[in-house]
Amino acid sequence: MSLEVSDKQKDLSGSMGLVKPQKVVIEQPLKLACGVVLPSHTLVYETYGTLNKDKTNAILICHALSGNHHAAGFYEDESKPGWWDQYIGPGKPIDSDRFFIVCVNNIGSCFGSTGPTSENPETGTPYGADFPPLRARDWMESQRLLMEHLNISCWAAVVGGSLGGMQAMRWSLEYPDKLQHAVVIASSMKLTAQNIAFNEIARKAIKSDADFCDGNYLQENKVPYRGLALARMIGHVTYLSDELMGQKFGRDLRVGDLLQGKTEPVEFQIESYLNYQGDKFSDFFDANSYILITKMLDYFDLAREYDHDPVAAFSHAQCKFLVVSFSSDWRFSPVRSQEITDALIAAGKEVSYIAIDSDHGHDAFLLPNQRYQNALGSYLSKLADQIEGAQ
Amino acid sequence: MKHNIDFIEQWIEPESRVLDLGCGDGSLLASLREQLNVLGYGLEIDPESISSCLAKGVNIIEQDLNKGLKNFADQSFDTVLMTQTLQTLRYPHLVLDEILRIGSKGIVTFPNFGHWRTRTYLSFRGRMPVTKQLSYQWYDTPNIHFFTYADFEALCKQRNINILHRQFLTHGFPDTLLRPVWPNLFTEIAVYHLSR
């Protein structure tokens, strides 16, 4: 018994420890970009650290496609910590000893906030495929309502990777006076045709599953596990790099061998790994949410309403920026981050750009990396110094 | 010996846009921001220097000068600075052109290879100079071009670059005393303010 307890304590040290999600029903109507109004919506979120008395040390963490509100610390009944535990916690780059950190599960997702699995008040059944289409700005508007609920008037920083970085950029244009810093990691001002192509293949995989039932699978008591697993397998390949897959799996076999004269089946390690990842994902993620959020990614185009001119778009921003890219990320390549940086410089905005060497592909933004940790830590520590100096 | 080049502040307008190519730990940009409230950006590739810039709150762009500066628009900065870096670049003359394409003015500093210490080192020892200013062996030095300020001025003339100001830096006896008499022999660091 004592062994088990000490193991648990070891796990928790240096982290947020045990955390619990909170839930709020936002009663203010939320008008979505598509015109539909959500009369009220539920948000599930977590906070780490303490809000200072001037309420100037709040950081908003924006999650990406499959993320959620559980960014750091542990749930009592789970052995794995939140998805960004490497970066959020006491003494970590996003330091909970100095900042009040907020992470919310965004609407349209499937971890407790209003989304396709929620009941549609008009029909009494789950929204399913009828959940209105969303844009990144809808997530931002909903986050702003949570911000009001928390009595925060300005974020010290809005931080996010991938789709999270898109939200941070959108914040900087839509509410320039409501954030001091935007940290944009492994992100892009818009998806490429190749990005959209991969997303469409994933959606097609889900829709091709007979259990998808045109998106109304919950009413039919079915779940399109196979389609969602396949969608995730496609996505997962694009989040890794060729180098890393080579190092990690190579051509290693899990089952059988390739000697001549044998008829037994052969399975490569990478096949087994991908199948496992796909199955695991389809157990906890919702197929309609996956379709909805990949479309949100496809539609995102930061400068669309600024005559497609990123410099004109960023001229509206008032905050400072940190932009981070990873060398082997081919889904949101360093070139995309350089475009953001160049546009910010041309618009006369304060920006730093860090190009991290990593062979972990797009997933690198979630994984431990000394240089990345140091850079993010140095940047935010300077910000914390300024906030604490003004107290 | 680290030379103080704070005097270049007189060549930079308050609140102007400054790009520092190879900005090191960001001290110069931090000081220019404090003194003149410039909007400054530094380019650097050394991870430790980049961390120092972030810790100072200096805008730092991780970008390799040798791979070009095409992402910066013509005349998009008031001043483009480059301190003690020209001699390390593959094509210094092309970078000089880039400096004056991007900036309306350029400020460049470099070690003067015409200094008496380097001259006597090579003349009498017959070995490539290893001095405090040029403290590397020939095989591991980042300084791949050796030139005097006279060479630099010839290059400026050839490429139609105007020299607005120049300042020669040195320290200690007898250099400080003798520099006015024979500047090329007694200048360790040359500082130039340039325009097209």
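**The contact in detail**

Modeller: From helix α11 of chain A, the residues A:Arg371, A:Asn374, A:Ala375, A:Ser378, A:Tyr379 and A:Lys382 meet B:Pro47, B:Ile50, B:Ser51, B:Leu54 and B:Ala55 of α2(B), contact being C-beta atoms, placed from the backbone, within 7 Å. By class, this contact of α11(A) with α2(B) comprises six nonpolar, three polar and two charged residues (Ala, Val, Leu, Ile, Met, Phe, Trp, Tyr, Cys and Pro are nonpolar; Asp, Glu, Lys and Arg charged; the others, including Gly, polar). The model is predicted, with local features requiring pLDDT of at least 70 and side-chain atom pairs pLDDT 80 or more, while totals for chains, interfaces and linings use all residues. Residues are numbered from 1 along each chain as its sequence is written, and chains are lettered from A and ligands numbered from 1 in the order written.

As for geometry, α11(A), residues 370–390, packs against α2(B), residues 47–56, at an angle of about 20°, and the axes are 7 Å apart. The two helices are therefore roughly parallel (under 35 degrees, on a scale from 0 to 180 degrees between N-to-C directions of lines fitted to C-alpha atoms over the stretch in contact).

Across the whole interface, 18 residues of chain A are in contact with 15 residues of chain B. On the chain A side, two or more residues come from each of α10 (334–346), β14 (351–356) and α11 (DSSP runs: H or I, at least four residues, for helices; E, at least two, for strands). The largest share of that side, six residues, belongs to α11(A). By class, the side of chain A that touches chain B has eight nonpolar, six polar and four charged residues.

Note on methods:
Parallel < 35°, antiparallel > 145°, perpendicular 65-115°, else oblique. Contact = placed C-beta atoms within 7 Å.
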